[in-house]
Amino acid sequence: MQTLVFHINPAQPDQAAVAHAAAMIQRGGLVAFPTETVYGLGANGLDAIAVEGIFKAKQRPHSDPLILHVAHWSEFARYADLAGVEVLVEQLATAFMPGALTLVLPKLPCVPDCVTANGPSVALRVPAHPLAHALLVAAGVPIAAPSANLFSRPSPTTASMVLEDLDGRIDAVIDGGSTTIGVESTILSLCGAPTLLRPGGVALEAIEAVIGEVLLPAEAVLPEEQTQPAPGMLLKHYSPRARLLLLADPGQLQQVASRHHDGKLGLLLPSDSLQRLRHIDAERIDLGDDAASVAARLFKGMRELDRRGCTHILTHYLPLEGLGRAINDRLFRAAEGKVGPGQ
Ligand code: TXA
Ligand code: MG
């Protein structure tokens, strides 16, 4: 299959190109598109055969459910049972939608089982990116979309990262430039007490400021019928090919960097840490000086160091606050759960 590339300026979307991409979705095709978090691989979320194509193109296990994207949160009631959580949903929507927050709610029967991995709940999100919004409006259907990468690879934040994994496997990609946030949405379950399933683009502290205490997965007692305890709970996720050497303590950088590694070392670090290792012979990616820039550059940096042939990538955790929580979560998974200087 030939993958079409639509170059569309997000500030002034070419309506004919958007309509063309939307028609592909309506006909059951697969179209990757930018959101403010990462690029998604979209299909008509009410068409089980089209959704099946997503799993095939990504080589994704069917046990991993998909997020349904809609143009406005008022559409949630079509796909989810909001009984008992209307006020909560309205508070969250008012504060964070459109945006990088996904809500998990009890699903209604119209949502195909392949979207929810046969589970009782559905994940819903309203992306803020103008091209995602334009595509949703033009398609007139909810769009099921996981991140547009091959399963277990770092999520794409540019169209060329999408093509690196999926060229020839999908109908089209809308190239709208780099995504702004760079890590995926925050996933909050409202099936029972509000529970954080995945930290992401909206900070936990911001959510708690609106709705009060949110449980973390370890604290939550999950309903037994839930398909999986938490999204992306699989380790070996968001992984570069190189081995990630993840430190909790930046103070250990020098020691680990100067150790002899068989192969080629890559440094994936915030500016100040990179500066401290200026005498080390390595490939380097500067993640910038704050959590927002680290998030925006993280996945691209992992892929870039792979491209340069690095066998090891040295990095460290950020403080566990704001976007730092999502960044550390992705680093932990990319390191397959191994943290510390002994790697
Ligand atoms: O920012 C994002 O969320 C991006 C953009 C494209 O919207 N999407 C994304 O999708 O990251 P994906 O499939 O790569 O990650 C979504 C996660 C999956 O790990 C899945 O397990 C979880 O959401 N998920 C989906 N439906 C769920 C449900 N009903 N219950 C619990 N987790 C769910
Ligand atoms: Mg993903």
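In what order do the ten strands of the open sheet follow one another? In this predicted model, the strands are arranged as E1-E8-E2-E3-E7-E4-E6-E5-E9-E10, with mixed pairing. Strand E1 (4-7) and strand E10 form the edges, each of them pairing on one side only.

Within the sheet, strand E2 (residues 31-34) and strand E8 (residues 172-175) run parallel and are joined by two bridges, and Ala32 stands opposite Val173 in E8. Helices also pack on this sheet: helix H2 (residues 48-58) touches strand E3 (39-44) and strand E7 (143-144), with its direction making about 145° with that of E3. Helix H7 (residues 159-166), for its part, touches E1, E2, E3 and E8, and its direction makes about 165° with that of E8.

Several polar side-chain atoms approach the ligand: one of Arg198 lies 2.8 Å from an oxygen atom of ligand 1, one of Arg60 lies 2.9 Å from an oxygen atom of the ligand, and one of Ser121 lies 3.0 Å from a nitrogen atom. Taken alone, ligand 1 exposes 670 Å², and the protein buries 97% of that area.

How values were computed
Residues numbered from 1 in each chain as written. Chains lettered and ligands numbered in written order. Predicted model: local features only at pLDDT ≥ 70, side-chain atom pairs only at ≥ 80, totals over all residues. Heavy atoms only, no water. Polar contact = N/O pair within 3.5 Å; in protein donor to acceptor, adjacent residues only side chain to side chain. Areas by Shrake-Rupley, 256 points an atom, 1.4 Å probe, with all protein chains shown as cover. Pairing = 2+ DSSP bridges. Helix = DSSP H or I, 4+ residues; strand = E, 2+ residues; numbered from the N terminus. Contact = heavy atoms within 4.5 Å. Axes fitted to C-alpha atoms, helices over the stretch in contact; angles between N-to-C directions.
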